[in-house]
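User: Hi! I am new to this structure and would like to learn how to read its aromatic rings. Could you guide me?

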Amino acid sequence: MFSKSLSLGGRVLLWAGLSATYVANSYAGDLEFRKVVINADSLYSAAAVFDVDHDGDLDIVGGGLWYEAPSWKRHVVRDVPFIRGMPDGFAAQPYDVNHDGWMDFFEVNWRSASIKWIEHPGESLGEWTAHTIVEPGPTESGRLYDIDGDGNVDLLPNGARWAAWWQMVTKDRPGGGKTTELIRRELPEGLAEHGIAFGDVNGDGRNDIVGRKGWAEAPEDRIQGDWKWHPEFDLGRRVSVPFQVRDVDEDGDNDLIYSDAHGYGLYWQEQVLDGSDRSWVQHEIDTTWSQAHFLLWEDLDQNGRPELIAGKRYMAHGGRDPGAHEPLTIYRYEFDRAAKKWNRWTISRDEGVGFGLDAKAIDIDADGDLDLVTPGRSGLYLLENQLK
């Protein structure tokens with residue numbers, strides 16, 4: 001059984017200058033992945049991938065450290081607070097907030113109940129600065145989507161007891177230059193639950209916001225208009241963050257793909273239309289493993305059909321969740337429309353690689369295929385796709 005200590009507060013500054021470890025291969029059916037140990041002792045649940053030092057390579061930023069490609073040498077970002085034994089940082093979303101040409105990132109936090117932006121120090125590559133934007137309450141995670149349809153991304157967090165999104169507007173800065181203003185926009189209270197998704201439910205060309213108990217219909221004017229609430233289903237007590245709005249069966253309307261984030265089970269809700277009447281039919285995908293807290297939808301094998309990518313979160317509640325002590329796994333699933341079933345391939349199993357809250361699918365080595373960066377309380381890893 002895989003285990004590790006969680007009492008790691010205060011040691012982040014001791015790691016600068018070390019490099020990553022390369023270990024044995026893992027396999028995923030017709031795909032092979034090379035496991036790269038970026039930092040086996042990392043406890044941060046989220047990571048971002050971007051070119052920190054402007055050398056043309058994609059680096060990894062995770063919590064209090066950033067890792068310089070291609071050797072993955074460690075550098076200090078900042079001293080991240082540990083609250084109730086664990087660090088802040090439930091999302092890491094890259095965005096140049098102050099428009100200075102150096103990529104910053106948004107951090108969404110449960111323990112400090114805050115949303116922050118972490119400012120890149122610029123050419124000095126020294127310590128980064130954390131700016132608290134707002135403290136709305138415990139927040140499960142957050143994503144960047146173009147919610148208002150203006151061509152620029154906005155911030156959609158998943159609040160436990162509140163529902164809102166933040167419009168991001170570029171403004172002129174006194175004395176020259178640009179900055180980003182974040183403006184809170186309210187959403188229906190029904191979205192204040194564990195689980196959120198973004199996608200076009202009713203096929204009107206506007207992306208809606210979906211929660212565990214229904215969906216909020218995007219108005220033509222997403223800023224001033226009324227987001228109509230449709231309480232059409234209940235996906236369960238704690239749904240994955242995010243879950244996916246996708247046309248699974250390719251029948252022309254979008255369905256929902258989700259999990260029990262702190263229990264067993266991956267599922268999809270089939271959208272069924274009878275004229276203007278909409279209903280939902282639940283189907284199982286896989287109920288053999290637990291704690292699929294974060295879902296991706298990407299084409300790893302480059303066959304033109306995206307797959308569902310899901311992995312087990314390590315010790316989300318200190319081992320109190322169902323199946324918490326079972327092996328860590330990461331799988332990919334592709335729906336076979338003719339057979340009406342999902343085919344599953346293993347990406348990683350029982351190698352200590354968890355999926356955390358904010359994994360990334362990105363071509364980090366610039367070889368033409370998507371790799372996986374997987375942060376979590378079991379460490380920070382790169383699963384390098386060997387397809388190309």
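This is a predicted model: local features need pLDDT of at least 70, side-chain atom pairs count only at pLDDT 80 or more; totals for chains, interfaces and linings use all residues.

User: Which residue lies over the face of tyrosine 331?

Analyst: Residues are numbered from 1 along each chain as its sequence is written, and side-chain values use heavy atoms, leaving out hydrogens and water. A charge sits over a ring if NZ of Lys or CZ of Arg is within 6 Å of the ring centre and within 35 degrees of the ring normal. Here arginine 344 lies over the face of tyrosine 331, 3.9 Å from the ring centre. Likewise, the charged end of arginine 332 is placed over the ring of tryptophan 345, at 4.3 Å from its centre.

User: How is a pair of aromatic rings described?

Analyst: By the distance of the centres and the angle of the planes. Rings of Phe, Tyr and Trp (its six-membered ring) pair if their centres lie within 6.5 Å; planes under 30 degrees apart count as stacked, over 60 as edge-to-face and the rest as tilted. By this rule there are 12 aromatic pairs. In one of them, the centres of phenylalanine 105 and tryptophan 128 are 6.0 Å apart with planes at 55°, so the pair is tilted.

User: Is phenylalanine 105 buried or exposed?

Analyst: Buried (under 20% relative accessible area; exposed is over 50%, partly exposed in between, with a 1.4 Å probe and protein chains only). Phenylalanine 105 has a value of 3%, and tryptophan 128 is buried too, at 4%. Phe50, Phe105 and Trp128 form one aromatic cluster.
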